[in-house]
Amino acid sequence: MADPPRGHRVQTLLIWAGASLVTALVVLALVFHAQGGRWFIVETPSMGTTAPVGTLVLSTPVKAQDLRVGDIITFHPPTEPSSVYTHRIAAIDASGISTRGDINGADDGWKLHQKDLIGETTTILPAVGWLVRGLPILGVGFAFVMFATRLIANRARRQSFRILGFSMLLSVTVYVLRPFVGLVVLTTQATKAGVSATIVSTGILPITATAQGGSSVNLSAGQVGTVTVPASVGSGHYALSSALHLTLLEWILFGAICAIPLLWTLIVGLPSTPDEESAA
């Protein structure tokens with residue numbers, strides 16, 4: 001019996017590796033949840049570089065008396081019981097636990113007690129939350145592409161359409177979630193020099209944020225910076241723009257990720273057509 005083509009062996013190996021990884025993650029998640037653990041995705045920039053937007057945080061049950069100033073906890077605010085916050089403990093006294101986001105200028109307006117606590121944050125996984133949010137889109141899209149392309153009889157053409165479909169699926173997911181570049185204005189203040197804006201990066205990749213006609217600042221995920229628009233530019237409306245700010249190595253890595261469909265074709269290859277098989 002002839003050995004299967006190298007591309008087919010590589011493809012099978014990758015599929016088995018992916019399936020094993022997914023299975024292991026599901027088992028770990030079930031065990032973690034069974035032990036009282038909970039996971040949450042950070043949706044606001046209040047924790048700065050410690051837990052930027054899109055971070056996956058894992059929390060485990062904790063008693064209030066075991067907490068210390070500086071610990072990061074996940075909780076339901078007494079004023080918003082349906083909401084979930086992950087902030088750092090700023091103070092502990094007889095009246096309760098005070099919290100504050102790392103980039104916030106003041107403590108939160110509440111005191112926490114045991115009933116408000118979900119748990120202590122034990123693991124912080126930056127950017128992983130974006131992947132978790134994208135899984136439903138990717139899962140449904142993957143199933144659709146696989147089902148739709150089964151109708152194509154020619155193996156090489158079927159594989160080509162699957163590569164195209166998966167590439168479009170990833171593009172749509174990125175377009176919907178916008179995980180790579182993001183910018184939020186925290187405060188604005190009029191000064192003698194113009195208008196000063198405090199901003200924070202909410203995307204995964206480092207950026208250069210620029211105020212139209214004014215200054216610029218380089219920011220990484222969760223980092224806070226300030227840009228100024230000169231008074232002479234002012235018309236009541238100001239624009240902020242952002243662009244990727246990557247090193248040469250980061251650009252090469254970014255380009256390699258974008259070229260994954262091409263690399264897959266080169267490494268794994270496409271199935272031979274019937275004519276090629278008969279000529280072999």
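## Glycine 214 and its contacts

Set aside the neighbours within four places in sequence, and glycine 214 is in contact with Thr228, Val229 and Pro230; contact here means heavy atoms within 4.5 Å. This glycine is found in the loop between β9 (207-211) and β10 (216-219). Helices (H or I, at least four residues) and strands (E, at least two) are DSSP runs, numbered from the N terminus.

From C-alpha to C-alpha, glycine 214 and serine 196 are 9.7 Å apart in space and 18 residues apart in sequence.

## About the model

This is a predicted model, where local features need pLDDT of at least 70 and side-chain atom pairs count only at pLDDT 80 or more, while totals for chains, interfaces and linings use all residues. Residues are numbered from 1 along each chain as its sequence is written, and side-chain values use heavy atoms, with hydrogens and water left out.

## The chain as a whole

Six helices and twelve strands make up the secondary structure of the protein chain. Of its 280 residues, 29% are buried. Take the contacts between residues at least 6 apart in sequence: 55% of them join residues at least 24 apart.

The chain exposes about 17,100 Å², and carbon and sulfur atoms supply 65% of that. Accessible areas come from the Shrake-Rupley method with a 1.4 Å probe, and for residues only the protein chains shown count as cover.

## Strand β9 and its partners

β9 is mostly covered, with four of its five residues buried. It runs antiparallel to β10, and four bridges join the two. Two strands pair if DSSP finds at least two bridges between them. β9 and β10 form a hairpin with four residues between them, and glycine 213 in the turn has a positive phi of about 75°. β10 itself has two faces: Val217 and Leu219 are on the covered one, Ser216 and Asn218 on the uncovered one.

β9 also pairs with strand β12 (residues 240-244), again in the antiparallel sense, over five bridges. Which residues are the bridge partners of isoleucine 207? In β10 the partner is leucine 219, and in β12 it is leucine 244.

## Valine 224 in β11

Valine 224 lies in strand β11 (residues 224-230). At 34% relative accessibility, valine 224 counts as partly exposed. Not counting residues up to four places away in sequence, valine 224 touches Ile103, Leu186, Thr198, Ile199, Val200 and Leu219. One of these, isoleucine 199, is 25 residues away in sequence from valine 224, with 5.7 Å between the C-alpha atoms.

Threonine 173 is found in helix α3 (residues 155-177). It counts as buried because its relative accessibility is 7%. Leaving aside neighbours within four places in sequence, threonine 173 is in contact with Gly134, Ile137 and Leu138.

Now for some backbone angles. Most residues other than glycine have a negative phi. Arginine 178, in the loop between α3 and β7 (183-191), has a positive phi near 50°. Alanine 127 has a positive phi too, near 75°. This alanine is found in the loop between β6 (117-125) and α2 (128-149), and at 28% relative accessibility alanine 127 counts as partly exposed.

## The second largest pocket

Rolling a probe the size of a water molecule over the atoms shows where empty space is left. About 280 Å³ of space lies in the second largest pocket. On a 1 Å grid over the protein atoms alone, a pocket is an open set of points where a 1.4 Å probe fits, with protein on both sides within 12 Å along at least five of seven lines; lining residues have an atom within 4 Å of a point. Grid points are joined across faces, edges and corners, and the volume is the space filled by probe spheres set on the points.

What lines this pocket? The residues are Phe40, Ile41, Val42, Glu43, Thr44, Ser46, Met47, Val57, Val84, Tyr85, Thr86 and His87. The elements giving two or more residues to this lining are β1 (38-41) and β4 (85-93), and β4 gives the most, with three. By class, the lining has seven nonpolar, four polar and one charged residues. Ala, Val, Leu, Ile, Met, Phe, Trp, Tyr, Cys and Pro count as nonpolar, Asp, Glu, Lys and Arg as charged, and the others, Gly among them, as polar.

Definitions and conventions:
Buried means under 20% relative accessible area, exposed over 50%, partly exposed in between (1.4 Å probe, protein chains only).
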